[in-house]
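Please read it with the sequence at hand.

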Amino acid sequence: MKKLFVLAAIGALAAGAMVGGATIAFAQGDVIKQRQENRKQAGAAMRAIKGIIDAKGPTSGAVAQAAKLKELELAFVNMFPPGSDTGETKALPTVWSDRAGFIAASKASDAAYDKLATAAGSGDLAALTAAFADTGKTCGACHNTYRMKSN
């Protein structure tokens with residue numbers, strides 16, 4: 001009985017690996033669209049924080065938005081597999097040729113999102129405003145190096 005259970009478990013794992021592999025292949029086929037959706041969500045989170053700043057608070061609403069930005073960034077940096085540099089993408093070749101720099105830029109964004117969340121949680125509108133400006137500079141630095149300029 002124990003042997004039958006072990007064989008069934010191995011079979012289930014193998015089947016799951018095959019299905020998982022197909023899912024990964026499908027996901028990479030749409031990776032450009034995934035990147036675009038990720039950045040749309042990041043833009044929406046930044047606009048929401050800007051709305052909180054413009055309305056003069058309360059800053060606590062920006063905490064969830066900063067957490068969302070962090071979550072999106074952690075996924076985004078992994079959405080550039082080899083071969084995803086063609087098609088409807090604004091990613092520059094430097095994403096792949098300067099991978100270490102791209103990862104460093106992502107880590108800088110991640111750190112900026114942490115500071116943004118801390119400022120939002122402090123209740124201090126001036127601190128949130130400053131952290132938001134710094135976050136925008138960090139985002140812009142990445143765009144300048146790794147994203148094609150829009151016309």
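The side chains of Lys70 and Asp110 form a salt bridge, with 2.8 Å between N and O; a salt bridge here is a side-chain nitrogen of Lys or Arg within 4 Å of a carboxyl oxygen of Asp or Glu. This pair links distant parts of the chain, since Lys70 belongs to helix H3 (residues 61-76) and Asp110 to helix H5 (residues 99-122), 40 residues apart. The model is predicted: local features need pLDDT of at least 70 and side-chain atom pairs pLDDT 80 or more, while totals for chains, interfaces and linings use all residues. Residues are numbered from 1 along each chain as its sequence is written, and side-chain values use heavy atoms, with hydrogens and water left out.

- Salt bridges with shared partners join Lys70, Asp110 and Asp114 into one network.
- Asp110 is buried, at 17% relative accessible area, where buried means under 20%, exposed over 50% and partly exposed in between (1.4 Å probe, protein chains only).
- Lys70 is partly exposed at 24%, and Asp114 is partly exposed at 36%.

- Lys50 and Asp54 meet through their side chains in a salt bridge of 2.8 Å, N to O.
- Both residues lie in helix H2 (residues 31-54), 4 residues apart, which is about one turn of the helix; helices (H or I, at least four residues) are DSSP runs numbered from the N terminus.
- Lys50 is partly exposed, with a relative accessible area of 38%, and Asp54 is partly exposed at 49%.
- Across the whole structure, the search finds 4 salt bridges.

**The largest pocket**

- The largest pocket holds about 560 Å³ of space, a volume being the space filled by probe spheres set on grid points joined across faces, edges and corners.
- A pocket is an open set of points on a 1 Å grid over the protein atoms alone, where a 1.4 Å probe fits, with protein on both sides within 12 Å along at least five of seven lines; lining residues have an atom within 4 Å of a point.
- The lining of the largest pocket comprises 25 residues, and Arg35, Arg39, Phe76, His143 and Arg147 lie nearest the centre.
- H2, H3, H5 and helix H6 (125-146) are the elements that each give two or more residues to this lining, and H2 gives the most, with 8 residues.
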